[in-house]
Amino acid sequence: MPARIRLQRFGKKGKPFYHIVIADGRAPRDGRFIEKIGTYNPITNPAEINIDFDKAVTWLQNGAQPSDTVKAILSYKGVMFKAHLEKGVVKGALTPDQAEAKFQTWLNEKQAKIDAKRKSLEEGKRGNLRKQLEAEAKVKEARAAELAKKRAAELKAERKEAEEEAAAAEIAPAEETPSTEETPATEE
């Protein structure tokens, strides 16, 4: 069986982390492998991929077949393009300098795309955070207004109650005071 370039799963349930390995095609997924050439963390956005570029190109040139997922990862990082350019150099279609220049151009463009994606994700997070803060501020203002209305109603009720008590106090002393009229004294 030919060698395969594939993923070997690590990590917890729901939080995968993979090693990119060269393994015999008959070996189980997480079993014995020949060489580890990198790692892949799909949890982060964009996915974090660390790969030994030269080893991957060498294994591809020696006939190792990548799995579908690993092929996509290698294409994303440019390993497949580099292997393609190396074939062109071997066949004489390109000089090594031309191949390196093409690869560097492609790599710079790819890095610019990745940076743009990171920047847009970061701006999106900032925008979402700003929207959340604005929504929270509106809720806070609404609660403050409602509380102010409630407090104003309480103060108004207290004032009205105080006025009623004051009015009652004014009426009550007037009734309790003895009249200034003299009462006739009885003579004996």
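How many helices and strands does the protein chain have? There are four helices and five strands, where helices (H or I, at least four residues) and strands (E, at least two) are DSSP runs numbered from the N terminus. Keep in mind that this is a predicted model, so to speak of local features a pLDDT of at least 70 is needed, side-chain atom pairs count only at pLDDT 80 or more, and totals for chains, interfaces and linings use all residues. Residues are numbered from 1 along each chain as its sequence is written, and side-chain values use heavy atoms, with hydrogens and water left out.

One detail to pick out here is Arg-4, whose bridge partner in E2 is Ala-23. The hairpin of E1 and E2 has two residues between the strands, and Gly-14 takes a positive phi near 85 degrees there.

E2 also pairs with strand E3 (residues 35-41), again in the antiparallel sense, over five bridges. Across that pairing, Val-21 stands opposite Lys-36 in E3, and Ile-22 stands opposite Glu-35.

Why is E2 (residues 15-24) largely enclosed by the rest of the structure? Eight of its 10 residues are buried, where buried means under 20% relative accessible area, exposed over 50%, and partly exposed in between (1.4 Å probe, protein chains only). For the whole protein chain, 23% of the 188 residues count as buried.

Thr-39 gives a view from E3, the strand it belongs to. Thr-39 is buried, with a relative accessible area of 14%. Leaving aside residues up to four places away in sequence, Thr-39 touches Phe-17, Tyr-18, His-19, Ile-20, Glu-48, Ile-49 and Asn-50, a contact being heavy atoms within 4.5 Å.

What about helix H4 (residues 96-176)? Lys-160 has its place in that helix, and Lys-160 is exposed, with a relative accessible area of 53%. The C-alpha atoms of Lys-160 and Lys-119 are separated by 61 Å, with the two residues 41 apart along the chain.

Finally, some totals. Among contacts between residues at least 6 apart in sequence, 38% join residues at least 24 apart. The protein chain has 35 positive and 31 negative side chains, and the centres of the two sets lie 26 Å apart. In that count Lys and Arg are positive and Asp and Glu negative, with His and the chain ends not counted, and each charge is placed at NZ of Lys, CZ of Arg, CG of Asp or CD of Glu.

Terms used
Pairing = 2+ DSSP bridges.
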